[in-house]
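Subject: Structure handover

Hello,

Here is the structure I promised to pass on. Please open it next to this email, and then read on for what turned up.

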Amino acid sequence: MKLLTLSILDQSPISEGQSATEALRNTLQLAKWADQMGFKRFWVSEHHDTESLAGSSPEVLISHVASHTKHIRVGSGGVMLTHYSSFKVAENFKVLEALFPGRIDLGVGRAPGGMPRASYALGDGKPRDLKRYPLQIDELNMYLHDTMPLDHPYYGLKATPISDSIPDVWILGTSPSSAVLAADKGLPYSFALFINGEGGEEYMRTYRKHFKPSAYLKSPKTMVSVFAICAETDEKANYLAGSMDLSMLRSANGMSSKGTPHPDQFLSYSLTPFEKKSVEYNRRRMVVGSPKTVKEKILKIAEAYQTEEIMIASIMYDFKDKIRSYELIANEFGM
């Protein structure tokens, strides 16, 4: 395996007592720091109808982040394609690519990014047509590369602006079907371990086994995204991870949230036996510990998934702890 590459996914998390404006400013601050440190990519997410995450429009946030950075690739992790027209998504990202040539990634997924009412609102009352998702990916690439076939009703339609470079398209997923889809389309595949802590190694093998070379990619290209929380000691890291432990419990129990809680709240929370098991299960999606511990776990993930790129997501109550976490990881990897 080649030297491991590290990237960052930021969901613009909002801590309790914090404003969305502050959360978005933190995202920009983190991106500028990551650019200086030499991380390969900085992706932002799409979430709707939530008071816990501020990133509802990745296209807008990508433009802001890219305009304040110089080298790092900036992209979507991801655009929830089933809500939108492939043509409009192609034009959005062609504008971004024209503004920031060679630096834009277009990660797409079929998850809703929110509760059903948000999906209906995004579709103006119409349900999402998940069956069209594979076709939407085809159309997206056709618009990006101007390869619409003669028999297509939109033949001749140009996704503008016309520029010299095209954003890279990634398929994001958490399931065997997404792995097969990415393989069939001949596109890079990013597995979201931070969402699904089980089965990913098998799904990645499925992707490699069934990969079909395409005009966009000749051989399999992969990445794994995982939550990581690092501190000077394992004990402190586990304490800081309490914020996510409690957030995940609240989400699973259908409890309302005003943002990421302080880790002290988890310490004072009385866990039921079932909730203890839930916390243990959720920790499969997280890498938590001292710099040495985190590095060992990340390298094990990279080896198990046979990937050369790990994308790290982190949610903590205090942004200073979050920056310090990334700093410790970067230093441990010699960045």
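How many salt bridges does the count come to? The count comes to 18 salt bridges. Please keep in mind that this is a predicted model.

**Salt bridges**

Start with Arg41 and Glu309. They form a salt bridge, and the closest N and O atoms are 2.7 Å apart. Arg41 is in strand 2 (residues 41–44) and Glu309 is in strand 9 (residues 309–313), so this pair ties together parts that are 268 residues apart in sequence. Both ends are covered. Arg41 is buried, at a relative accessible area of 1%. Glu309 is buried too, at 4%.

Next comes Lys212 with Asp184. Their salt bridge has its closest N and O atoms 2.8 Å apart. This pair also links distant parts of the chain, 28 residues apart. Lys212 sits in the loop between helix 7 (200–210) and strand 7 (222–230), while Asp184 belongs to helix 6 (residues 176–185).

Salt bridges that share partners join Arg41, Arg73, Asp105, Asp168 and Glu309.

One further pair is worth a look. Arg250 forms a salt bridge with Glu16, with 3.0 Å between the closest N and O atoms. Arg250 is buried, with a relative accessible area of 14%. Glu16 is partly exposed, at 23%.

As background, side chains of opposite charge can pair when their charged atoms come close. Across the protein there are 39 positive and 38 negative side chains. The centres of the two sets lie 2 Å apart.

**Overall fold**

The protein has 13 helices and nine strands. Its C-alpha atoms fill a box of roughly 65 × 45 × 40 Å along the principal axes. What radius of gyration does the protein have? The protein has 20 Å, which agrees with the value near 20 Å for a compact globule of 335 residues.

Of the 335 residues, 51% count as buried. Take the contacts between residues at least 6 apart in sequence: 73% of them join residues at least 24 apart. The accessible surface comes to about 15600 Å². Carbon and sulfur atoms account for 53% of that surface.

**Backbone points to check**

Most residues other than glycine have a negative phi, and most peptide bonds are trans.

Two peptide bonds first. Gly77 and Gly78 are joined by a cis peptide bond, with omega about 0 degrees. Gly78 is in strand 3 (residues 73–80). The bond from Thr160 to Pro161 is cis too, with omega near 5 degrees. Pro161 lies in the loop between helix 5 (133–145) and strand 5 (168–173).

Now phi. Ser12 has a positive phi, near 50 degrees. Ser12 is in the loop between strand 1 and helix 1. At 1% relative accessibility, Ser12 counts as buried. Asp49 also has a positive phi, near 55 degrees. Asp49 is in the loop between strand 2 and helix 2 (58–67). With a relative accessible area of 46%, Asp49 is partly exposed.

**A histidine**

Where is His262 found? His262 is in the loop between helix 9 and helix 10 (263–267). Its relative accessible area is 26%, so His262 is partly exposed. Which residues does His262 contact, leaving aside neighbours within four places in sequence? They are Tyr239, Ser243 and Tyr317.

Best wishes

Methods: Residues are numbered from 1 along each chain as its sequence is written. This is a predicted model: local features need pLDDT of at least 70, side-chain atom pairs count only at pLDDT 80 or more; totals for chains, interfaces and linings use all residues. Side-chain values use heavy atoms; hydrogens and water are left out. A salt bridge is a side-chain nitrogen of Lys or Arg within 4 Å of a carboxyl oxygen of Asp or Glu. Buried means under 20% relative accessible area, exposed over 50%, partly exposed in between (1.4 Å probe, protein chains only). Helices (H or I, at least four residues) and strands (E, at least two) are DSSP runs, numbered from the N terminus. The radius of gyration is taken over C-alpha atoms; the globule rule is 2.2 Å times the number of residues to the power 0.38. Contact means heavy atoms within 4.5 Å. Accessible areas come from the Shrake-Rupley method with a 1.4 Å probe; for residues, only the protein chains shown count as cover. Lys and Arg count as positive and Asp and Glu as negative; His and the chain ends are not counted. The place of a charge is taken as NZ of Lys, CZ of Arg, CG of Asp or CD of Glu.
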